[in-house]
Amino acid sequence: MAGLELRELECFLVLAEELHFGRAGERLYVSQSRVSQLLSALERRVGGRLVRRTSRRVALTPLGERFVERLRPAYGGLRDAVEDARAAARGVEGSLRIGFQGVADARLTAAVRAFRSAHPECAADLVEIPLADPFGGVREGVVDAAVVLLPVQEPDLVLGPVFSRRPQTVAVALDHPFASRTAVTAAEVAEAPLVTAAPPAPAYWRAAHAPSAVPGPAVSTLQEGLTQVAAGRAGMLLCRPTAAYHRREDVAFVPVEGVPESALGLVWHRDGESAAVRAFARALTCRGVSLGVAQVVA
């Protein structure tokens with residue numbers, strides 16, 4: 001194993017989680033071809049195939065499953081040792097403000113508690129940011145980092161961990177034609193008016209969360225959106241956990257088939273990266289800690 005590269009191990013572990021070369025590349029900030037190169041190099045060192053890839057799916061081989069089972073705790077211990085030393089050298093202290101959209105549920109607050117426990121000299125606080133301005137708080141220094149809905153196509157921001165991929169539902173008034181359905185299709189949703197976020201949310205971001213040719217009302221907050229839904233003005237896309245959290249008597253939540261899953265990501269400004277931000281990014285990806293933020297889309 002002479003000359004073993006830690007990057008190869010990291011690449012394999014991420015690929016084992018994602019089972020998708022493109023998404024693994026996104027998490028590692030490298031191209032899909034680079035993921036393939038790193039995997040091939042590791043397989044040569046091991047002397048066997050770790051991943052089986054076809055045109056339709058990616059899966060671990062039996063050897064890969066055994067290897068990842070042994071590797072994950074060892075790699076995690078090594079990473080934690082390095083990061084603890086780095087934090088001690090640089091100091092994770094002061095304050096850290098984390099933005100969220102809509103609602104911070106128990107899973108998000110658990111991640112914050114884990115961070116506080118690991119770094120008691122750094123005060124971590126949660127700050128609500130407007131639905132209609134997902135990136136402004138980071139740019140203006142209101143928060144140090146923010147958990148936002150993807151996509152993120154902002155050249156001045158860093159996209160860190162991506163997580164919480166969830167199926168979507170459409171929220172509609174009880175007298176809406178969709179309300180009595182067990183599911184609707186993406187094509188049907190595209191023909192119905194949908195609530196959308198108001199500017200300054202970027203146009204591409206608003207379009208991603210309102211995949212409809214029929215313009216609906218523009219809102220600034222989650223509650224505004226749900227109020228428009230209950231009043232019969234339009235439907236509104238929500239991930240399933242958020243729909244469950246916001247159950248109300250005057251709104252029906254119907255699963256949508258054929259639309260991309262929602263996903264969350266932690267973002268921060270390229271000029272604002274700090275030891276505290278990096279430590280919180282690690283807290284979000286720790287095993288046993290999951291994170292959910294109310295997804296308000298339309």
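The charged end of Arg53 sits over the ring of Phe21, 3.8 Å from its centre; the criterion is NZ of Lys or CZ of Arg within 6 Å of the ring centre and within 35 degrees of the ring normal. This is a predicted model, in which local features need pLDDT of at least 70 and side-chain atom pairs count only at pLDDT 80 or more, while totals for chains, interfaces and linings use all residues. Residues are numbered from 1 along each chain as its sequence is written, and side-chain values use heavy atoms, with hydrogens and water left out.

**Confidence**
- The protein chain has a mean pLDDT of 88, and 92% of its residues reach 70 or more; pLDDT is the predictor's confidence in each residue, from 0 to 100.
- Over residues 287–298 pLDDT stays under 50, and the model has 60 contacts beyond four places in sequence for them (contact: heavy atoms within 4.5 Å).

**Aromatic pairs**
- There are 2 aromatic pairs, counted when ring centres of Phe, Tyr and Trp (its six-membered ring) lie within 6.5 Å, with planes under 30 degrees apart stacked, over 60 edge-to-face and the rest tilted.
- The rings of Phe115 and Phe280 have centres 5.8 Å apart and planes at 70°, so this pair is edge-to-face.
- Phe115 belongs to helix 5 (residues 106–118) and Phe280 to helix 11 (residues 275–285), so the pair ties together parts that are 165 residues apart in sequence; helices (H or I, at least four residues) and strands (E, at least two) are DSSP runs numbered from the N terminus.
- Both Phe115 and Phe280 are buried (under 20% relative accessible area, with exposed over 50% and partly exposed in between; 1.4 Å probe, protein chains only).

**Cys122**
- Cys122 is located in strand 4 (residues 122–129) and, at 3% relative accessibility, counts as buried.
- Beyond its neighbours within four places in sequence, Cys122 contacts Val92, Glu93, Gly94, Ser95, Leu96, Phe115 and Ala276.

**Thr61**
- Thr61 is in the loop between strand 2 (58–60) and helix 4 (62–90).
- Thr61 counts as buried at 6% relative accessibility.
- Not counting residues up to four places away in sequence, Thr61 touches Arg49, Leu50, Val51 and Arg52.
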